[in-house]
Amino acid sequence: MSVALAGSAPTTFEIKSAHLPLVALMLKSSDLDRLAQELTQRFGDMPDFFDNDPLVIDLHPLNVAEANALPDFGALQTLLRQYRLVPLAVRGGTIEQTRLALAAGLTNAPDASVQRAAPAVVPTEITNAPEPVAPSAPAPAPGALVIDKPLRSGQQVYARGRDLVVMAMVNPGAEVIADGHIHVYAPLRGKAIAGARGNADARIFALSMAPELISIAGIYRTSEVALPESILGKPAQVRLVPGPDGDKLVIDAIGA
């Protein structure tokens with residue numbers, strides 16, 4: 001026997017589970033002076049790289065490198081906000097680290113594979129199930145950003161959340177950045193940074209590979225390490241390959 005119970009729902013609000021796209025800072029050291037220097041080196045000339053992105057501070061790497069380190073979470077938040085990051089939570093910390101983080105205004109985000117929704121309100125009456133509605137098609141991913149003109153020294157292009165296609169030369173001193181892949185259908189002689197937000201599957205392609213710097217997901221190589229003759233100035237791709245000693249950049253000739 002089914003019983004329908006009367007219930008009431010608030011008229012001014014409703015609570016549901018939410019899945020937020022968070023940026024994760026994998027903290028490897030409690031030395032905030034060094035962190036400030038490296039953030040300046042990486043993002044100092046890209047003031048618009050982050051756009052008030054919510055962030056979780058992951059302490060797992062810190063506790064591997066510096067057991068029981070106690071970062072100054074207040075100073076850390078101040079530093080991160082300078083780069084338009086909004087620290088919300090920590091995860092992977094010890095009891096003492098978590099206590100200090102909570103005292104600094106952060107929340108604890110323990111690892112969890114299941115998000116639980118708020119309990120549903122009991123319906124006031126039993127009704128027939130509605131006809132199923134066909135799911136709407138997902139919104140298409142943003143297309144690649146296409147640049148037709150050569151990039152001169154001092155110019156910078158960033159394809160946020162998508163691939164970047166450059167149809168002309170990237171001169172020395174110019175910089176191309178993408179969260180996805182980078183395609184340069186011309187000589188690449190400046191800097192190319194793919195997977196800028198940690199996408200390790202991103203790649204860099206160029207018809208003439210001769211860069212000042214190449215980087216994928218934070219792993220980089222500069223022109224101080226010369227490319228082999230089989231690669232330099234020729235069509236090539238750059239990819240990130242995991243290994244027992246860490247991720248490595250691999251450069252392959254195209255069409256060889």
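**View 1. Asp72 caps the N-terminal end of helix 3 (residues 73-81).** A side-chain oxygen of Asp72 lies 3.2 Å from the backbone nitrogen of Gly74. Helices (H or I, at least four residues) and strands (E, at least two) are DSSP runs, numbered from the N terminus. This is a predicted model, in which local features need pLDDT of at least 70 and side-chain atom pairs count only at pLDDT 80 or more, while totals for chains, interfaces and linings use all residues. Residues are numbered from 1 along each chain as its sequence is written, and side-chain values use heavy atoms, with hydrogens and water left out.

**View 2. Buried residues of helix 3.** Phe73, Leu76, Gln77, Leu79 and Leu80 are buried (under 20% relative accessible area, 1.4 Å probe, protein chains only).

**View 3. Packing of helix 1 and helix 3.** The axes (lines fitted to C-alpha atoms over the stretch in contact) are 11 Å apart, at an angle of about 10 degrees. The two helices are therefore roughly parallel (angles under 35 degrees). Leu32, Leu35, Ala36 and Leu39 of helix 1 make the contact with Ala75, Leu76, Leu79 and Leu80 of helix 3 (heavy atoms within 4.5 Å).

**View 4. An open sheet of six strands, order 5-7-9-11-14-15.** Pairing (at least two DSSP bridges between two strands) is mixed. Strand 5 (145-147) and strand 15 (248-253) stand at the edges, each with a single partner strand, so one side of each has no neighbour in the sheet. Strand 14 (residues 236-241) and strand 15 run antiparallel, joined by six bridges. Val238 stands opposite Ile251 in strand 15.

Notes. Buried means under 20% relative accessible area, exposed over 50%, partly exposed in between (1.4 Å probe, protein chains only). A polar contact is a pair of N or O atoms within 3.5 Å; within protein, one must be able to donate a hydrogen and the other to accept it, and residues adjacent in sequence count only if both atoms are side-chain atoms. Axes are lines fitted to C-alpha atoms, for helices over the stretch in contact, and angles run from 0 to 180 degrees between N-to-C directions. Angles under 35 degrees count as roughly parallel, over 145 as roughly antiparallel, 65 to 115 as roughly perpendicular and the rest as oblique.
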